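The following paragraphs lead through the structure shown here, from its strands to its core, its pocket and selected loop residues.

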Amino acid sequence: MPYAMKKPIETIYSKVAGTTFYNVNWDAIGKGDFLEAVREPSNPYDSNAIKLLHNGKQIGHIKKELAAELAPMMDNKLAGVLVEVQEITGITQLGLFSPPTQPKSHKNRGINLSITITYQQEYLNSFIDKG
């Protein structure tokens, strides 16, 4: 068995953390959009932080627990990360975020993601059963 634990490509599903702290252009983002994942080691709240950008503008972060696993691999160039929007949540049955008579609220909106991780051979080699 060449790889004891890891496959060369893995997909994880998650949500964007912190969208309420950023001015997300909800009309411009949609299913199938790709987000740029950028390490943010100087983040004062989390040295493993990975910020997410849509068209160059920050919309949030990868969740803290997942970032703790991905950050060292990204820092050491042991894995590539591709982030794709799977769904925008908080849409009413009419397909709108809020009825026109109500003020638009962003606090109930969210973004579901797929995060595809492509592991470099050097990283995969660390899982080879040497016994």
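**Strand pairing and the barrel**

Strands β5 and β6 pair in the antiparallel sense over 10 bridges, where two strands are taken to pair if DSSP finds at least two bridges between them. The model is a predicted one, in which local features need pLDDT of at least 70, side-chain atom pairs count only at pLDDT 80 or more, and totals for chains, interfaces and linings use all residues. Residues are numbered from 1 along each chain as its sequence is written, and side-chain values use heavy atoms, with hydrogens and water left out.

The chain contains 2 helices and 6 strands. Helices (H or I, at least four residues) and strands (E, at least two) are DSSP runs, numbered from the N terminus. Read from the N terminus on, the elements follow the order β-β-β-β-α-β-β-α.

The 6 strands close into a barrel in the order β1-β4-β3-β2-β5-β6, with antiparallel pairing. Neighbouring strands of this sheet are turned by 40 degrees against each other on average, direction ignored; the axes are lines fitted to C-alpha atoms, for helices over the stretch in contact, and angles run from 0 to 180 degrees between N-to-C directions.

Strand β1, residues 9-17, pairs with β6 in the antiparallel sense over 7 bridges. K15 has N112 of β6 as its bridge partner, and Y13 stands opposite S114 in β6. Strands β1 and β4 run antiparallel and are joined by 2 bridges; here A17 stands opposite H61 in β4. Strands β2 and β5 likewise pair in the antiparallel sense, over 2 bridges, and F34 stands opposite E84 in β5.

**Core and buried positions**

Buried residues make up 36% of the 131 residues in the chain. A residue is called buried under 20% relative accessible area, exposed over 50%, and partly exposed in between (1.4 Å probe, protein chains only). The largest nonpolar core has 27 residues, of which L35, L52, L70 and I111 touch the most other members. Such a core is a set of buried Ala, Val, Leu, Ile, Met, Phe, Trp, Tyr and Cys residues joined through side-chain atoms within 4.5 Å. At least two residues of this core come from each of β2 (34-39), β3 (50-54), β4 (57-62), α1 (64-75), β5 (79-89), β6 (110-119) and α2 (121-125).

The surroundings of L52 can be set out in detail. Leaving aside its neighbours within four places in sequence, L52 is in contact (heavy atoms within 4.5 Å) with V16, L35, E36, A37, K57, Q58, I59, G60, H61, I62, V83 and L113. S14, in strand β1, counts as buried because its relative accessibility is 15%. With neighbours within four places in sequence again left aside, S14 is in contact with K63, L66, I111, N112, L113 and I115. For the chain as a whole, among contacts between residues at least 6 apart in sequence, 68% join residues at least 24 apart.

**The largest pocket**

The largest pocket holds about 250 Å³ of space. On a 1 Å grid over the protein atoms alone, a pocket is an open set of points where a 1.4 Å probe fits, with protein on both sides within 12 Å along at least five of seven lines, and lining residues have an atom within 4 Å of a point. Grid points are joined across faces, edges and corners, and the volume is the space filled by probe spheres set on the points. Of the 14 lining residues, A17, N43, Y45, D46 and H61 are the closest to the centre of the pocket. Both β4 and α1 supply at least two residues of the lining.

**Loop residues**

Most residues other than glycine have a negative phi. N55, in the loop between β3 and β4, has a positive phi near 50 degrees; N55 counts as exposed because its relative accessibility is 69%. K77, in the loop between α1 and β5, also has a positive phi, near 55 degrees, and K77 is exposed, with a relative accessible area of 67%.

R109 lies in the loop between β5 and β6 and counts as buried, at 6% relative accessibility. The C-alpha atoms of R109 and G90 are separated by 4.5 Å, although these residues are 19 residues apart along the chain.
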